[in-house]
Structures are given as structure tokens and as C-alpha cells.
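Hi,

Here is the structure I promised to pass on. Have a look at it first, and then read my notes below.

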Amino acid sequence: MKIAIVGFGNVGQSFLDMLLSKKEFLEKRIGKIEISFIADSKSSVSGDFDPLEALRMKRTKGRLRDDKKAKNCLKELEFDVLVECSTTKINGGEAVEHMLIAIEKGANVVTSNKGIAFYFDELMKLAERKNVKLMYEATVGAAIPIIRVLRTYFSTFTIKKIAGILNGTCNYILSRMEEEGLSYEQVLAEAKELGIAETDPSYDVDGIDAAIKLVILANTIGIRSKFEDVKRKGISWITPEAFKIAAEKGYTIRLIAEASKELIVEPRLVKFGHPLALKGTINTILVYTEEAGTFSFAGRGAGKYETAAAMISDLVAIYDDR
Amino acid sequence: MEDKPGQLIRVLEPISKLGGNIIGIIHQRGKKTPLNRVPVEITLSIDSKKVQELMEKLNQFLVRSFDEIRLLESANLILIGHIIHTDLSDTVTKIDSSDAECVELIVSMPKLSGKSTAMLTIAAKNDDALEKAIDRLKDICRTKNIEVIEPIYEEFV
């Protein structure tokens, strides 16, 4: 099987690292693995190359050997699976184009790019028409097994609702405000210092990231929806007093993404001890079913290795029927 | 009631005839009064118009006290904004109705001109009335630029 890797930042490099270190085991499961090409936003490597050398070059020189654009690699070179690891852009960006080219060519896609939220229906329909698979476990909650569980195991259940904590940065900020009685600004500064929050934190703290993931989850369970459909509120206006008063009645505050009749991302009061009252950068997804009550899926919701692990699992799932 | 057979049924019969529904009975045999009577605590739901009639039917017993609990459902919500300076009493009045009302308000005002934070408890007759009261609250708060944090309603099962 020939693999094309597009996007060679933290996630792409970790994916290749993991793929190479588990190569022997993986080949027993899914057959011979070859890397067709690797491309990042400005360079690429294809033809005769050593993947380990490509990793080393990217890490030392910040680029790959050749100048060929990712799009041209995708159009001209042969591959069976596209592993799309580029950074998510609002409205989908180039990553969606890459996936469309791959699917159109009859290749399967494994992606960590949340851009699929903006073209979910189009991508899925095309994949179905071309009889290929589009796997996106890594887009929501990194390695937390939720997408495949929803698409396969829960496909015979009636899902009443999905609710979850889909953004670790917000959860970190809110749990620190709860613990320390600090203001939003103070905790945000701390989160930036720790590398948990970006310099421009709006993508996280305004609930954009959570809303994009919610759209992916909702579409996965058949709620046709777009990013614009999500009613969204961020967390920057929450006062430290809110945590004090809430605690008197046994509550804390968390940014909750919820999909049922409506798609909503907003801070909610959550009882202490509730599975959504977890602290730190953890992600949690609750699936409310008609038949069997509520299920909780929790774990580290981000990280390059976590994301890469989900993508390896997706890759194997395409070719492995067991 | 007196500690002899057939006493309890004499109380339950009028409740049942008036369409009341018994929720619970606590028969406190161990707490006999000096007149050798047994305190019995009965919890029931009944049409509020029939309460007076029921009390008359029960006058042969000593009804020591009764509490009316009208509002069975409640929700806590956090409000953040200029809660006091946007006419708090108006906000509360607009939420109150015949079957839902604000029953508790805890306010924190750390700075004189800054935003206040409050926890508001709304109690209502039933789920439907509670939902409507919360919707009214959200509408009022939208016009007054007050942010509302709602609870997660479902318990985790």
C-alpha cells in the first residue's frame, strides 16, 4: 500500500515516526507499506527517498528535499491512501482540496484536519460514490475512540443527544479558575506560558474549535449541519465569582458542546462529580442513547502522539476487517 | 390519630374521594403523644381548590400542621452582567408567573461599577413551567446584556 502524507508538522512527523516504528507489526496486519511522497506547505519529497532521512531533514532544516507543491504531488503521483495532517483552517482551506483530489482519484483518506466540518456532506458523498473511505477519528478528541464507535457500534442505536467537552484549552482555563479563584485573564496568561493556549487564543476560548468538532460529531450521527448552525458562546466573560457562587450549590462551570435538536457551544453549570466536571486538558464525550442510557468517553483530547495514534488506527481499520 | 384499628383508613378515604394522590405515609408509633395518639405524616398531591374541603373532612383528627409545596421543579442559573443597575426587580417580576417564580438569589458585587455575578434559583410547578420561566429569563437577559449560564439538565445515568 502506498501512503501519501500531506502536512508535515508535529502531527505528520509523529504519524511517520509511529508508522516506521510499528512497521513490522503493521505490515503483518495490512500488507506492505510504502511512502509515496511527503509534502508540507512549501516543499515535498517523492520518488527515491528514505522516510527517516526526510524526517531528519524536516527537523533540522525545516523543509523537505524538493520544491514540488503538495497539490501537484497529489495530482501526479500514485498512492492508495492520503494521510492529511495539515493545520485546520476555518472554512476548510487547502486540506479539503487535497482530500477531494485524493478521493476523486480513488484513494482512501485518513485525516486529522477539522476542515472536513465545512464540507462534510460533499466529502462523504464523493467518497461513497468513489467507493473509498474517509476516516477522521483524529479530528475530535485526538485518540479518544468516538467517531468509529458512533459510525459502527452505535449505528443501530437511537442517539438522543451528544454532549461533551471538546476543547482542552477552555477546560484547563475553567478548571484553574475553579481551583484558584483567579480571573480569566490571569489563567489565560498562565495557559499561554504553559503552551496550552495560543498567542491568539480566540480559536479556543470563543468556542470555535469546539463548534467545529461538534459539527463533525453531529454529522457523524446523521444531523446534517454546518458551522454556522452552531449557537456559540465563549468563556472570556466568566467571572471568578461565578465559580464561588456555583460551588455553594454544588456546581462548577464547563464549556459544553451539545448536539440534539440544536447545536450549542456554551458554558454550562455542571454538578461536581458529573463526568463533564473533569479538570485539566481532558476531553469528554457523552453519548445519550434511547436503548442503553448514557456512555462516557474521556481521555487526552490533543497532542501529536495522541493524534498520530488515532490516524494509525484509522489506517489499519481501512484494510483490516477483523 | 388514636392507636386503634381503622383509624388510617378514615383519613385516606376522604383524600381518595377528593381525587388526591398519596405520595407517602410516615406512621410514627414510637412518638406517641401524652394522649396516646400516634403522629402520622401524610404527603399527598391534590387539586389546590380541594384543600379546604379536605381540611374540613379531616377536622375530627387533630391536624397539627400542614405545609403546601406548590413548586416541585427547580433550576439554578448564573447571571453575569449589570444585574442590579438594569432593574433587578423588573427582571425578577418578569420571570415570575402563576406557576413559576424566583425563590433565591445570591449576588456578588466585587466592584462598585463592575459586573455582578448572581445565582438565581427558579422553582416551578412542573418541567414545562420551568422551561418557560427559563426562556423568559433568557429573553430578558438578552435585552439587558446579561449573560446566563444554564445547568446541564440530565443526570448521568
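Before the rest, some housekeeping. This is a predicted model, so local features need pLDDT of at least 70 and side-chain atom pairs count only at pLDDT 80 or more, while totals for chains, interfaces and linings use all residues. Residues are numbered from 1 along each chain as its sequence is written, chains are lettered from A and ligands numbered from 1 in the order in which they are written, and side-chain values use heavy atoms, with hydrogens and water left out.

Back to S36(A). It sits in strand β2 (residues 34-39) of chain A; helices (H or I, at least four residues) and strands (E, at least two) are DSSP runs, numbered from the N terminus. With a relative accessible area of 11%, S36(A) is buried (buried is under 20%, exposed over 50%, partly exposed in between, with a 1.4 Å probe and protein chains only). Beyond its neighbours within four places in sequence, its contacts (heavy atoms within 4.5 Å) include K2(A), I3(A), F49(A) and F79(A).

Chain A also has two non-glycine residues with positive phi. N91(A), at about 85 degrees, lies in the loop between β4 (81-84) and α5 (93-104) and is partly exposed at 48%. N131(A), at about 55 degrees, is in the loop between α6 (120-129) and β6 (134-135) and counts as exposed at 71%.

Now the charges. Over all chains there are 38 salt bridges, each a side-chain nitrogen of Lys or Arg within 4 Å of a carboxyl oxygen of Asp or Glu. In one of them, R29(A) pairs with D320(A), with the closest N and O atoms 2.5 Å apart. That pair links distant parts of the chain, 291 residues apart: R29(A) is in helix α2 (residues 23-30), and D320(A) is in the segment after α13 (304-319). R29(A) is partly exposed at 28%, whereas D320(A) is buried at 14%.

In chain B, R29(B) and D3(B) form a salt bridge at 3.0 Å. The two are 26 residues apart, with R29(B) in the loop between β1 (21-27) and β2 (40-45) and D3(B) in the segment before α1 (7-17). R29(B) is partly exposed at 48%, and D3(B) is partly exposed at 29%.

Chain B is divided into domain 1 (7-57) and domain 2 (73-156), with bounds from an automatic or database domain assignment. Their centres, taken over C-alpha atoms, are 36 Å apart.

Finally, I134(B) is in helix α4 (residues 127-143) of chain B and is buried at 4%. Its C-alpha atom is 8.7 Å from that of E150(B), 16 residues away along the chain. Leaving aside neighbours within four places in sequence, I134(B) is in contact with A75(B), L77(B), I122(B), E150(B) and Y153(B).

Cheers
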